[in-house]
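Thanks for coming, everyone. Please look at the screen, and we will walk through the model piece by piece.

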Amino acid sequence: KRKFRTVDEIGPGAAATAVLQAAGWPDSREAVVVVGHQPTLGAVASFLLSGEESWWSMRKGAVWWLSNRDKSGAASVVLRVVIGPDFV
């Protein structure tokens with residue numbers, strides 16, 4: 001019964017930057033859950049963590065928790081946890 005919104009512009013094949021823009025990254029005041037498929041989700045994770053859009057592999061059904069923090073005036077991305085589908 002929670003509210004959610006789907007965004008057609010970030011369907012399969014969308015660029016990582018389009019997904020991040022739709023999610024309001026990094027300025028969203030609320031937690032955002034992005035649900036999608038490969039290779040888009042792997043591209044988003046690689047872009048956030050390495051600065052380059054690559055084709056990283058993500059297991060089907062896995063959960064990746066990434067957050068943004070400001071440390072001494074410089075923004076950085078933190079990979080908080082990855083949970084494989086075996087543990088969900």
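Start with a charge and a ring. The charged end of Arg80 sits over the ring of Trp65, 5.8 Å from the ring's centre. "Over a ring" has a rule: NZ of Lys or CZ of Arg is within 6 Å of the ring centre and within 35 degrees of the ring normal.

Now some ground rules. This is a predicted model, where local features need pLDDT of at least 70, side-chain atom pairs count only at pLDDT 80 or more, and totals for chains, interfaces and linings use all residues. Residues are numbered from 1 along each chain as its sequence is written, and side-chain values use heavy atoms, with hydrogens and water left out.

What about aromatic pairs? The structure holds zero of them. To pair, rings of Phe, Tyr and Trp (its six-membered ring) need centres within 6.5 Å; planes under 30 degrees apart are stacked, over 60 edge-to-face, and the rest tilted.

Next, helix α1, residues 16-23. Helices here are DSSP runs of H or I, at least four residues, and strands are runs of E, at least two, numbered from the N terminus. Which residues of α1 are buried? Ala16, Val19, Leu20 and Ala23. Buried means under 20% relative accessible area, exposed means over 50%, and partly exposed is in between, with a 1.4 Å probe and protein chains only. Seen down the axis of α1, the buried residues fall within an arc of 95 degrees, so they line one face of the helix. That arc is taken from the directions from the helix axis to the C-beta atoms. After α1 comes Gly24, with a positive phi near 75 degrees.

The peptide bond from Trp25 to Pro26 is cis, with omega near 0 degrees. The bond from Gln38 to Pro39 is cis too, with omega near 5 degrees.

On to α2. Eight of its 11 residues are buried, so this helix is mostly covered. Among them are Leu41, Val44 and Leu48. Take Thr40, which is in α2. Is Thr40 buried or exposed? It counts as buried, because its relative accessibility is 9%. Leaving out residues up to four places away in sequence, Thr40 touches Gly11, Pro12, Gly13, Ala14 and Val19. Contact means heavy atoms within 4.5 Å. Following α2 is Gly51, with a positive phi near 85 degrees.

Compare Phe4, in the segment before α1. Phe4 counts as exposed, because its relative accessibility is 72%. The C-alpha atoms of Phe4 and Val32 are separated by 9.8 Å.

Last, the largest pocket. About 960 Å³ of space lies in it. It is lined by 32 residues, and Val32, Val33, Val34, Trp64 and Leu66 lie nearest its centre. The elements giving two or more residues to the lining are α1, α2 and β1, residues 63-71. β1 gives the most, with six. A pocket, on a 1 Å grid over the protein atoms alone, is an open set of points where a 1.4 Å probe fits, with protein on both sides within 12 Å along at least five of seven lines; lining residues have an atom within 4 Å of a point. The volume is the space filled by probe spheres set on the points, which are joined across faces, edges and corners.
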